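Please read them with the structure open beside you.

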Amino acid sequence: MVMKYDIDISIKAVEKNLDRITNRIFKLLPSREEGDDWKTPLKNLIVEIGGMSSLLYDQTDLLHLLCKLEGLLVLTEDNDFLVFRATIFECLGLINKIKQCLA
């Protein structure tokens, strides 16, 4: 897969990175449930995915993912948790969709 700067990166490497991001997104759920800091890891994910989107040519699903993750930052009330949880699973689905497009 040729990316920005004409860097040739294997699809396997991109998939492994997406798997790592998947795990980090999923870990947001228990962090929030347990009262741990979930905003800092979320902000770090947003920065990382923003960087990834500037490297890849097809950015539609990454933009959708970034929008969902950014939206999590406003779901801070206790009664927002079910929407937070549903959005996490939507994000995981988007990552799977991105991985399917790589093949």
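1. Where does Asp36 lie? Asp36 is placed in the loop between helix H2 (28-33) and helix H3 (39-55), where helices (H or I, at least four residues) are DSSP runs that are numbered from the N terminus. Asp36 is partly exposed, with a relative accessible area of 41%; here buried means under 20% relative accessible area, exposed over 50%, and partly exposed in between (1.4 Å probe, protein chains only).

2. A word on the basis of these comments. This is a predicted model, in which local features need pLDDT of at least 70 and side-chain atom pairs count only at pLDDT 80 or more, while totals for chains, interfaces and linings use all residues. Residues are numbered from 1 along each chain as its sequence is written, and side-chain values use heavy atoms, with hydrogens and water left out.

3. Asp36 also belongs to a surface patch of negative charge, in which it gathers with Glu33, Glu34 and Asp37. Such patches are made of residues with over 30% relative accessible area and no salt bridge, like charges being joined within 9 Å; Lys and Arg count as positive and Asp and Glu as negative, whereas His and the chain ends are not counted.

4. How many salt bridges does a search of the whole structure find? The search finds five, a salt bridge being a side-chain nitrogen of Lys or Arg within 4 Å of a carboxyl oxygen of Asp or Glu. One of them joins the side chains of Arg20 and Glu48, at 2.1 Å from N to O. Because Arg20 lies in helix H1 (residues 11-26) and Glu48 in helix H3, this pair ties together parts that are 28 residues apart in sequence.

5. Glu48 has a further partner in Arg24, with the closest N and O atoms 2.5 Å apart. Arg24 lies in helix H1 and Glu48 in helix H3, so this pair links parts that are 24 residues apart in sequence. Arg20 is partly exposed at 34% relative accessible area, Arg24 is partly exposed at 25%, and Glu48 counts as partly exposed at 24%.

6. Another salt bridge is formed by Lys97 and Asp61, whose closest N and O atoms are 3.5 Å apart. Lys97 lies in helix H5 and Asp61 in helix H4, so the pair ties together parts that are 36 residues apart in sequence. Lys97 is partly exposed, with a relative accessible area of 42%, whereas Asp61, at 12%, counts as buried. As for shared partners, salt bridges join Arg20, Arg24 and Glu48 into one network.

7. Asp80 deserves a separate comment. Asp80 is found in the loop between helix H4 (60-72) and helix H5 (81-102), and although buried it has no salt bridge, the nearest side chain of opposite charge, Arg32, being 5.4 Å away. Leaving aside neighbours within four places in sequence, Asp80 is in contact (heavy atoms within 4.5 Å) with Arg32, Val74 and Leu75.

8. Lys68 lies in helix H4 and is partly exposed, with a relative accessible area of 23%. Not counting residues up to four places away in sequence, Lys68 touches Thr87, Glu90, Cys91 and Leu94. Lys68 and Leu94 are 26 residues apart in sequence, with a C-alpha to C-alpha distance of 9.7 Å. Cys67, also in helix H4, counts as partly exposed at 48% relative accessibility.

Key. Patches are made of residues with over 30% relative accessible area and no salt bridge: like charges are joined within 9 Å, nonpolar side chains (Val, Leu, Ile, Met, Phe, Trp, Tyr) within 5 Å. Accessible areas come from the Shrake-Rupley method with a 1.4 Å probe; for residues, only the protein chains shown count as cover. The place of a charge is taken as NZ of Lys, CZ of Arg, CG of Asp or CD of Glu. Helices (H or I, at least four residues) and strands (E, at least two) are DSSP runs, numbered from the N terminus.
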